[in-house]
Amino acid sequence: IAKETVEYKVNLEYGGWGGSLFLDRKPAGNTSLGIINRYTTFYEKFWQHEQGMAALTSDIKLFQAAIEPVMTQLSLRIGRWQLGSDDDTSVAEDLEHIDKMLTMKEFFVKYGEESKVGLPWTWMLQRVNAEEQSWDFTSNVAYPELSATEMGNYTSDIKEAKGRESYISLQPLPSYEYDLQTRVRDYAARFVEIKRLGIQRVFAPRPFDDDSGFFREGSQPTELLCPWRTLAVELNGASYMGSFQMPGNSENHVFQKNGTAMMLVWNDTPTEETLYLGQRVRVLDLWGRQLDVPTDGVRHSPQVDGWPLLVKNMDLSVAIIRHTIAFDRDSIDSVLGQKQALTLSFRNGFPRGISGAISMVNETLFSPEYTIGFKAGRGEDYAYTIPMQVNQDALTGKQLVKLDFQFHNEELATF
């Protein structure tokens, strides 16, 4: 969701007040979200003892009379109304004003039964219980922006109750503090976190900002416009699947969309990742440029570094197996010369039954390698219990086990 100024002013000379009221507008899905904002001169002249939108909503009847021309003219075009700009949380910070929101909601509904009214919010403000919330949505912002890790912590308490919505700000890092690679990767990481958390609505509070927006003054695009567009277009409608261990330990995030899988991948240390990805794989940077990737006819070897790459048209069936395969426990006992039960399971992601063998390889933990025959029907959750016996000289601590799949059906690639 990006915001644009409509330059629509409402005269507030009613009741002896003087000044103007700005209405900003930002697209929100198939409708538009109107932001009723205060005009600075008016605020400083008449409301020096209060702050922000709370000053204008102190007298509800007077405020409603003032914005009635806006509602009459634009209620058929705008279905959502936000009281205050994204950085104006004066209403949310005052319990007295929060109590007035039910009256506000009733006023907006008069101009359309589907009308929704909301408030800007910050992560530092205490949440209101859904059953006590009389408004329809909140626009959640942070100054400075939350990192991907912080986003996971702070959004855990956001659960959209029926009829309640939450918008999350997603503004790029400023160019005067960070280099371009850091900004692009941070934005990609936060975009991924938004998808992982299942958040459906995001917006850029300041899209026309020279340092952190997508456009400069004069509507000239910044370096972040293309990465933002690539992420928004490609991940729109995609569902987050998870990540998996890559040979070169690159950070990766896999999504499912339209019957295929796609992956965002990057690595602090430049490395070549060689693995099976699919038969029709395309690799792009976040500016939409397709990259040539070496292949031996089965496996691909993309060069991965600090710049995020988008891998499209991955084999979804293989991605499902990779993201569901697991052992039934994280550790085994440090007992030598004794067999221990260890169960390996996965879901068959192919549209038909499969059979073959899985080889488990870790020379320091056990030798020779374990080979497991398997047969799984379409969509079946397969499980096999292994009588695991570790080597006499096995090392303690975390161990990585390589799993190689080979199929009896020659049409299916090994991975």
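## A proline in a loop

Where does Pro 144 lie? Pro 144 sits in the loop that runs between strand S6 (137-141) and helix H6 (148-154). Keep in mind that this is a predicted model. Tyr 143 and Pro 144 are joined by a cis peptide bond, with omega at about 0 degrees.

## Two helices side by side

Now for some helix packing. Helix H3 (residues 60-74) packs with helix H5 (residues 101-109) at an angle of about 25 degrees, and their axes are 11 Å apart. Angles under 35 degrees count as roughly parallel, and H3 and H5 are therefore roughly parallel to each other. The crossing of H3 past H5 is right-handed.

Which residues do the meeting? From H3 come Ile 60, Phe 63, Gln 64, Ile 67 and Met 71, and from H5 come Thr 103, Met 104, Phe 107 and Phe 108. Sorted by class, this contact has 7 nonpolar and 2 polar residues, with no charged ones.

## A three-stranded sheet

Further along, 3 strands make an open sheet in the order S17-S18-S21, with antiparallel pairing. Strand S17 (326-327) and strand S21 (381-388) are at the edges, each with a single partner strand, so one side of each has no neighbour in the sheet.

S17 pairs with strand S18 (residues 340-347) over 2 bridges, in the antiparallel sense. Phe 327 has Leu 344 in S18 as its bridge partner. Helix H9 (residues 316-324) lies across S17 and S18, and runs at about 150 degrees to S18.

Met 360 belongs to strand S19 (residues 354-361). Is Met 360 buried or exposed? Met 360 has a relative accessible area of 0%, and under 20% means buried, so Met 360 is buried.

What is Met 360 in contact with, leaving aside its neighbours within four places in sequence? The list includes Phe 327, Phe 366, Ile 372, Ile 386, Met 388, Val 401 and Leu 403, along with Glu 369, Lys 402 and Tyr 370. Tyr 370 is 10 residues away from Met 360 along the chain, and their C-alpha atoms are separated by 5.0 Å.

## Two asparagines with positive phi

Asn 249 has a phi near 60 degrees, a positive value in a residue other than glycine. Asn 249 is in the loop between strand S9 (239-242) and strand S10 (251-257), and counts as exposed at 53% relative accessibility.

Asn 313 also has a positive phi near 60 degrees. Asn 313 lies in strand S16 (residues 309-314), and is partly exposed, with a relative accessible area of 22%.

Key. Residues numbered from 1 in each chain as written. Predicted model: local features only at pLDDT ≥ 70, side-chain atom pairs only at ≥ 80, totals over all residues. Heavy atoms only, no water. Axes fitted to C-alpha atoms, helices over the stretch in contact; angles between N-to-C directions. Helix = DSSP H or I, 4+ residues; strand = E, 2+ residues; numbered from the N terminus. Parallel < 35°, antiparallel > 145°, perpendicular 65-115°, else oblique. Left-handed = near helix turned anticlockwise from the far one by under 90°. Contact = heavy atoms within 4.5 Å. Nonpolar A, V, L, I, M, F, W, Y, C, P; charged D, E, K, R; others polar. Pairing = 2+ DSSP bridges. Buried < 20%, exposed > 50% of the residue type's maximum accessible area, 1.4 Å probe, protein only.
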